[in-house]
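Student: Please show me the model, and then let us work through it by question and answer.

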Amino acid sequence: MTNAEAMPVRLFLSSGDLVADRRFDFARDLQLKGDLVAAADLLLQSTELAPGFASAWFTLGEIRQRLGEHDAAIAAFRKAQIADPDDRHGARLRLMLLGAEQLSSMPPAYVRALFDQYAPKFETALVDDLGYRGPALLFKAVLSVRAAVRRPAFFKSAIDLGCGTGLAAHAFAAQVDQFIGIDLSPRMIERARATGLYAQVEVAEMAEGLRGKPDASADLILAADAVVYLSDLAALLREAKRVLRPGGLLAFTAETHGGEGVILGEGLRYAHSAGYLRRSIGDAGLTLSRCEDLSARNEDNAPVPGLVAVAAKT
Ligand SMILES: C[S@@+](CC[C@H](N)C(=O)[O-])C[C@H]1O[C@@H](n2cnc3c(N)ncnc32)[C@H](O)[C@@H]1O
């Protein structure tokens, strides 16, 4: 199961035209029944009625892609981007996968919409359906790094990047005095706040959230299953180095691949090569204390290739 398929609800942005919206609904029924050609035809009709109908263009792009109509799929995804410049459907990601756009960051509005919709079912979908174990892996890695240097694994202040509903803070609750949670999705942040595990929570982009923190103000920074939504990690690592106190740790899980650099996987998550992570951590002036091949979750009942990294500010 890919990340997109695990999503409980599909984003729908009304066209504002009742007839066009109704054609869209019929088209979705047909799509779900497997009649892709008829569904594409109806979607095209609905975009004729409402040319700025982003959800129809996006769905048409998906169907054309399934039908093997590469160029026509690209054209539909481009229309979806024009219809919704914030790109809440993530048409840019589909264009990247189709080779029509260079690898670049995810549209923030897409991440927010995705996780705002996902929030109510997040923990069941991730933990039960995808066997998610990111926080437990980070916990073990951080404890090992501290044991290796004979220092206690207790942290006065910690920052949880992409905190979601608070699973990482839960795993580290006995180890940390004060947690700050940062996440792009207001619905996820609501849930994190409700746990009572965070002294402070913020709706912000990860690197931006760190940018607002004073120098040398955190002992631990966690990012559990969060850098998979960032292509370029340079800004995040630079800010992490600045915000950590000497001796502080940055621990994160990543998805990885056997090649070089960063790729966008079919599940619409970035995979970073081990070489890329090592280089980026070094370039940021951090020291890699631990980097292990460990998978944080499953897809199609198989572990997704992953890494658990702990970097130290020396
Ligand atoms: C798969 S969830 C993981 C949540 C949590 N860390 C856990 O282990 O359960 C990823 C979270 O990262 C957030 N996120 C993704 N990209 C982000 C970004 N650039 N800045 C801040 N949060 C981001 C999402 O909103 C989502 O809540």
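Tutor: A definition comes first: patches are made of residues with over 30% relative accessible area and no salt bridge, where like charges are joined within 9 Å and nonpolar side chains (Val, Leu, Ile, Met, Phe, Trp, Tyr) within 5 Å. Accessible areas come from the Shrake-Rupley method with a 1.4 Å probe, and for residues only the protein chains shown count as cover. A salt bridge is a side-chain nitrogen of Lys or Arg within 4 Å of a carboxyl oxygen of Asp or Glu. This is a predicted model, in which local features need pLDDT of at least 70 and side-chain atom pairs count only at pLDDT 80 or more, while totals for chains, interfaces and linings use all residues. Residues are numbered from 1 along each chain as its sequence is written, and side-chain values use heavy atoms, with hydrogens and water left out.

Student: Which residues make the nonpolar surface patch of about 270 Å²?

Tutor: One member, leucine 18, is in helix α2 (residues 18-33); helices (H or I, at least four residues) and strands (E, at least two) are DSSP runs, numbered from the N terminus. Leucine 18 counts as exposed because its relative accessibility is 63%, where buried means under 20% relative accessible area, exposed over 50% and partly exposed in between (1.4 Å probe, protein chains only). The patch is made by Leu18, Val19 and Leu49.

Student: Which of the 20 residues around the ligand come nearest?

Tutor: A residue is near a molecule or strand if one of its heavy atoms lies within 4 Å of it. Of the 20 residues around the ligand, those that come nearest are Tyr132, Gly162, Asp183, Met206 and Ala224.

Student: How much of the ligand's 590 Å² does the protein bury?

Tutor: Start with the polar contacts (pairs of N or O atoms within 3.5 Å; within protein, one must be able to donate a hydrogen and the other to accept it, and residues adjacent in sequence count only if both atoms are side-chain atoms). A ligand nitrogen is 2.7 Å from a polar backbone atom of glycine 162, and a nitrogen of the ligand is 2.9 Å from an N or O atom in the side chain of glutamate 205. For methionine 206, a backbone N or O atom lies 2.8 Å from a nitrogen atom of the ligand. Taken alone the ligand exposes 590 Å², and the share of that buried by the protein is 99%.

Student: Within what arc do the buried residues of α8 fall?

Tutor: In helix α8 (residues 122-130), the residues Phe122, Ala125, Leu126 and Leu130 are buried. The arc is that of the directions from the helix axis to the C-beta atoms. Seen down the axis of α8, the buried residues line one face of the helix, because they fall within an arc of 85°.

Student: Which residues of α7 are buried?

Tutor: Helix α7 (residues 108-118) has eight of its eleven residues buried, so the helix is largely enclosed by the rest of the structure. The buried residues of α7 are Ala109, Tyr110, Val111, Ala113, Leu114, Phe115, Asp116 and Tyr118.

Student: How many residues apart are glutamate 62 and arginine 10?

Tutor: The structure holds 17 salt bridges, and one of them joins the side chains of glutamate 62 and arginine 10 (2.6 Å, N to O). This pair links distant parts of the chain: glutamate 62 is in helix α4 (residues 54-66) and arginine 10 in the loop between α1 (3-6) and α2, the two being 52 residues apart.

Student: Is aspartate 219 buried or exposed?

Tutor: Aspartate 219 and arginine 245 meet through their side chains in a salt bridge (2.9 Å, N to O). Aspartate 219 lies in strand β4 (residues 218-223) and arginine 245 in strand β5 (residues 244-255), so the pair ties together parts that are 26 residues apart in sequence. Arginine 245 is partly exposed, with a relative accessible area of 28%. At a relative accessible area of 14%, aspartate 219 is buried.

Student: What is the phi of arginine 150?

Tutor: Most residues other than glycine have a negative phi. Arginine 150 is found in the loop between α9 (134-148) and β1 (155-161), and it is exposed, with a relative accessible area of 78%. Although arginine 150 is not a glycine, its phi is positive, at about 55°.
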